[in-house]
Amino acid sequence: GKAESETKVMEDDFRKRREERDAELEKMQADTRAKAKERKTLDTSGLAPWEVGKAYVNAVGLRFPPSEGENTVVFSTTETPLAALQAWSDQAGVALPKQPHFVTEEKHPGVNISWLEAVDFCKWLTEFGRARELIPARAKYRLPTDVEWSAAAGMAAEEGADASARHA
């Protein structure tokens, strides 16, 4: 009887701690969501338009190194932060994918984004940048191809393997 009683007390204590932790986590997540709703617009007034040969920071804070020419593929040097995805969600009226159970901040990388959602984000970002004349009409944001990504990651020798896989 004594062991059962002690086990019951321990289980009650664990349950109480878990409920307190879950309530605290929910409050933190609610605070994060409330802050995100306060930011409905992106201020682009201080941004310079993209120029060949110059580093560029876009409307959602992604950083790009200087490009070598107008037809060059340029990769962002930063991951896409949650704040950028929240801006897309707010501006485009799309639901953000489910975020992790732990608290994330605006500066953390966005997660749980599908390929199709990433493509939609790129389309939105292109339209947003063009409308504010931050990027040229012919420029666009897009996901890299496998070959482009391999080359950027220093695996240019894998281009042949990628090409042969496409023909298989």
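This is a predicted model: local features need pLDDT of at least 70, side-chain atom pairs count only at pLDDT 80 or more; totals for chains, interfaces and linings use all residues.
Biologist: Where is Ser67 found, and which residues is Ser67 in contact with, leaving aside neighbours within four places in sequence?

Modeller: Helices (H or I, at least four residues) and strands (E, at least two) are DSSP runs, numbered from the N terminus. Ser67 is in the loop between S2 and H2. Contact means heavy atoms within 4.5 Å. With neighbours within four places in sequence set aside, Ser67 is in contact with Trp50, Glu51, Val52, Gly53, Lys54 and Val74.

Biologist: How many helices and strands does the protein have, and what order do the elements run in?

Modeller: There are 5 helices and 2 strands, and from the N terminus on they run α-β-β-α-α-α-α. Of the 168 residues, 23% are buried. Among contacts with a separation of 6 or more, 48% are between residues 24 or more positions apart.

Biologist: How many cavities of 30 Å³ or more does the structure hold?

Modeller: General idea: rolling a probe the size of a water molecule over the atoms shows where empty space is left. The grid has a 1 Å spacing and covers the protein atoms alone; a cavity is a set of points where a 1.4 Å probe fits but cannot get out, a pocket is an open set with protein on both sides within 12 Å along at least five of seven lines, and lining residues have an atom within 4 Å of a point. Points are joined across faces, edges and corners, and a volume is the space filled by probe spheres set on the points. Here there is 1 cavity of 30 Å³ or more, and the largest cavity has about 40 Å³ of space.

Biologist: Which residues line the largest cavity?

Modeller: The lining is Tyr56, Asn58, Ala59, Leu125, Phe128, Gly129, Leu134, Ile135 and Tyr141. Helix H3 (residues 115-131) gives the most, with 3 residues. By class, the lining has 7 nonpolar, 2 polar and no charged residues; Ala, Val, Leu, Ile, Met, Phe, Trp, Tyr, Cys and Pro count as nonpolar, Asp, Glu, Lys and Arg as charged, and the others, Gly among them, as polar.

Biologist: Is Asn58 buried or exposed?

Modeller: Asn58 counts as buried because its relative accessibility is 2%. Asn58 is in the loop between strand S1 (56-57) and strand S2 (63-64). A polar contact is a pair of N or O atoms within 3.5 Å; within protein, one must be able to donate a hydrogen and the other to accept it, and residues adjacent in sequence count only if both atoms are side-chain atoms. The side chains of Asn58 and Tyr141 make one at 3.3 Å. Not counting residues up to four places away in sequence, Asn58 touches Leu47, Phe64, Leu125 and Tyr141.

Biologist: How much space lies in the largest pocket?

Modeller: About 1,200 Å³. Its lining has 36 residues, with Phe64, Val74, Ser76, Tyr141 and Arg142 nearest the centre. H3 gives the most to this lining, with 5 residues, and the classes are 22 nonpolar, 9 polar and 5 charged.

Biologist: Which residue other than glycine has phi near 55°?

Modeller: That's Glu133, in the loop between H3 and helix H4 (146-152). Glu133 is exposed because its relative accessible area is 64%. Asn112 is not a glycine and has a positive phi of about 60°; Asn112 sits in the loop between helix H2 (82-92) and H3, partly exposed at 49%.

Methods: Residues are numbered from 1 along each chain as its sequence is written. Side-chain values use heavy atoms; hydrogens and water are left out. Buried means under 20% relative accessible area, exposed over 50%, partly exposed in between (1.4 Å probe, protein chains only).
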